[in-house]
Amino acid sequence: QVQLVESGGGLVQAGGSLRLSCAASRSNNYAFGWFRQAPGKEREFVATITRYGYSTYYADSGKGRFTISRDNAKNTVYLQLNSLKPEDTAVYFCAAGPQGSSSSTLYDYWGQGTQVTVSS
């Protein structure tokens, strides 16, 4: 079992930045992903990173603005959010699974989420 705890969310103005962290109880055998869910909307894929960080993939919504990274020594995954827009407002969740994927169903463990709010 992998325990995940997100942090780093908050309130920022449009154009601002946040760095989200996902602290995991273990990380070496897992790929990680970030998803988000806005009020009234389904959970959507944001980014994923393979277990050694060799490959990353992003949803079109975050390409050029978001960066996923990981530090296996710290068992931590990060999501750098730059040039934030109001439509980025959502609860952001990290997840762990056997391989990187844009599908939430392929992840086995989920954190509680951290709120990101972007004002105009």
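Modeller: Begin with C94. This cysteine is buried, with a relative accessible area of 1%. Buried means under 20% relative accessible area, exposed over 50%, and partly exposed in between, with a 1.4 Å probe and protein chains only. A note on ground rules: the model is predicted, local features need pLDDT of at least 70, side-chain atom pairs count only at pLDDT 80 or more, and totals for chains, interfaces and linings use all residues. Residues are numbered from 1 along each chain as its sequence is written, and side-chain values use heavy atoms, with hydrogens and water left out.

Biologist: Which residue does a disulfide join to C94?

Modeller: First the criterion: a disulfide is a pair of cysteine sulfur atoms within 2.5 Å. Here C22 is the partner, at 2.0 Å from S to S. The S-S torsion of C22 and C94 is about 60°, so the disulfide is right-handed. C22 lies in strand β3 and C94 in strand β9, so the pair ties together parts 72 residues apart in sequence. C22 is also buried, with a relative accessible area of 1%. A search of the whole structure finds 1 disulfide.

Biologist: How many helices and strands are there in the protein chain?

Modeller: Both are DSSP runs numbered from the N terminus: helices are H or I with at least four residues, strands are E with at least two. This protein chain has 0 helices and 11 strands.

Biologist: How do I read the nonpolar core?

Modeller: In soluble globular proteins, nonpolar side chains tend to be buried together. A nonpolar core is a set of buried Ala, Val, Leu, Ile, Met, Phe, Trp, Tyr and Cys residues joined through side-chain atoms within 4.5 Å. The largest one here has 27 residues; L4, F32, W34, L79, L81 and Y92 touch the most other members. Elements giving two or more residues to this core include β3 (18-24), β4 (31-37) and β9 (90-97). Another core lies apart from it, with 5 residues, among them F45, A59, A95 and Y107.

Biologist: Leaving aside neighbours within four places in sequence, which residues is Y92 in contact with?

Modeller: Contact means heavy atoms within 4.5 Å. With those neighbours set aside, the partners of Y92 include L20, W34, V46, F66, L79, L81 and V116.

Biologist: And the chain overall?

Modeller: Buried residues make up 42% of the 120 residues in the protein chain. Its C-alpha atoms fill a box of roughly 40 × 25 × 25 Å along the principal axes.
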